[in-house]
Amino acid sequence: MNSTMQKISIEKVKESKIDQVDFNNLAFGSVFTDHMLVCDYKNGAWETPKVVPYQPISLDPSAKIFHYGQSIFEGMKAYKDTDEKVWLFRPLDNHKRLNISAKRMSIPEIPEEFFMEGLKTLLEVEDKWIPQTEGSSMYIRPFMFASGNGFHASPANAYKFMICLAPSGAYFSGKVKVLIEEKYSRSANGGVGYAKTGGNYAGQFYPTQLAVEKGYNQVIWTDDHSHEYIEEAGAMNIFIRINDTLITGPTSDRILDGITRKSILQLAEKKGIATEVRKITVTEVVEAAKNGSLKEMFGAGTAAVVSPISAFGYRDVDYDLPELEDSYASQIKKDITDIQYNRSEDPFGWRVGL
Ligand code: PLP
Ligand code: COI
């Protein structure tokens, strides 16, 4: 990482498209702001990032991203408080994880300054786009991929680091119903499950589509070896509540080390909720659903925030979860979003002002 960064250049659009956006009805990740950040890696070094108008990019058809899938990404959000001040949530953790993914996928790591200064500059340019409406935020998508070309199956010699922004509402539009999967696997020991790399998501599309056809929204993956243990869902980590204890599985090289997951564990402990990080068997979840001790199940992630699961399917049987008045999911969602939107104290020092 021998790159030095000069001042980030900014080329602004002639006309903003912001007036075409209905900020009261934002879907997730489908509207993009006027500008994006682009940073090239060439001749063994990262060049200074540039903010340019949002536009298609030109790539050689033999660029290695198309053939060998050398690509990684992150998911973050920026939140605007009632005084119009903008906040990020644990952004250095995203930078760290991007570089963990980069290392696994043989992509050169991006220096912290390039990531943080690039992100802050882009968000400052797009300040007007950052929603203030309840339940909305600016979804941030940093990503890196092999732009260098050649059919030789080896790492490319050129890469791009980019950031695009999408003012967004909720990821799930209604109740989340999940299917516990035991035929297909998302990841394997020694594989790339812990990296946020495109193929981990593409590989889920087909089994998830089969689940969607049966009326589910997401798949809950089990371990590839025995299919006896709950791992995570397609876009979020999973928590279960048995009686009063909140439980999540341990991370491993098969599972994404979610920033929301680890924040929730700290928040729950601070609230005095008993937590356990341990392997969760499918059998115990099914038994707990049958005997009524399974009180809640929810997903946790940047896009998903805290998403309560209303039912899960396993081996052709659906198990409904009770609707609780004051669920852990609703308490924790309130606590974490209060910190993110600067509505409460931040005892953990997670919030970073722009
Ligand atoms: N697991 C997967 C597969 C994900 O894509 C995500 C989303 O980023 C998560 C878990 C949750 O991670 P985080 O809370 O850092 O967004
Ligand atoms: C996120 O939560 O930021 C993610 O990256 C999940 C993605 C599949 C939308």
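The model is predicted. The protein is divided into domain 1, residues 9-168, and domain 2, residues 176-340. The centres of the two domains, taken over C-alpha atoms, are separated by 27 Å.

**Contact between the domains**

- Domain 1 contributes 21 residues to the contact, and domain 2 contributes eleven residues.
- On the side of domain 1 that touches domain 2, at least two residues each come from β5 (71-73), β6 (76-80), β7 (86-89) and α2 (91-104).
- Helix α2 gives the largest share of that side, with six residues.
- By class, the side of domain 1 that touches domain 2 has ten nonpolar, five polar and six charged residues.

**Surroundings of ligand 2**

- The residues around ligand 2 are G75, Y201, A235, G301, T302 and A303.
- Three residues of this shell are nonpolar and three are polar, with no charged residues.

**Packing of α5 and α7**

- Helix α5 (residues 259-271) packs with helix α7 (residues 328-340) at an angle of about 110°, and their axes are 10 Å apart.
- Angles of 65 to 115 degrees count as roughly perpendicular, and α5 and α7 are therefore roughly perpendicular to each other.
- From α5, the contact is made by S263, I264, L267 and A268, and from α7 by I332, D335 and I336.
- The contact of α5 with α7 consists of five nonpolar residues, one polar residue and one charged residue.

Key
Residues numbered from 1 in each chain as written. Chains lettered and ligands numbered in written order. Predicted model: local features only at pLDDT ≥ 70, side-chain atom pairs only at ≥ 80, totals over all residues. Domains from an automatic or database assignment. Contact = placed C-beta atoms within 7 Å. Helix = DSSP H or I, 4+ residues; strand = E, 2+ residues; numbered from the N terminus. Nonpolar A, V, L, I, M, F, W, Y, C, P; charged D, E, K, R; others polar. Near = placed C-beta within 6 Å. Axes fitted to C-alpha atoms, helices over the stretch in contact; angles between N-to-C directions. Parallel < 35°, antiparallel > 145°, perpendicular 65-115°, else oblique.
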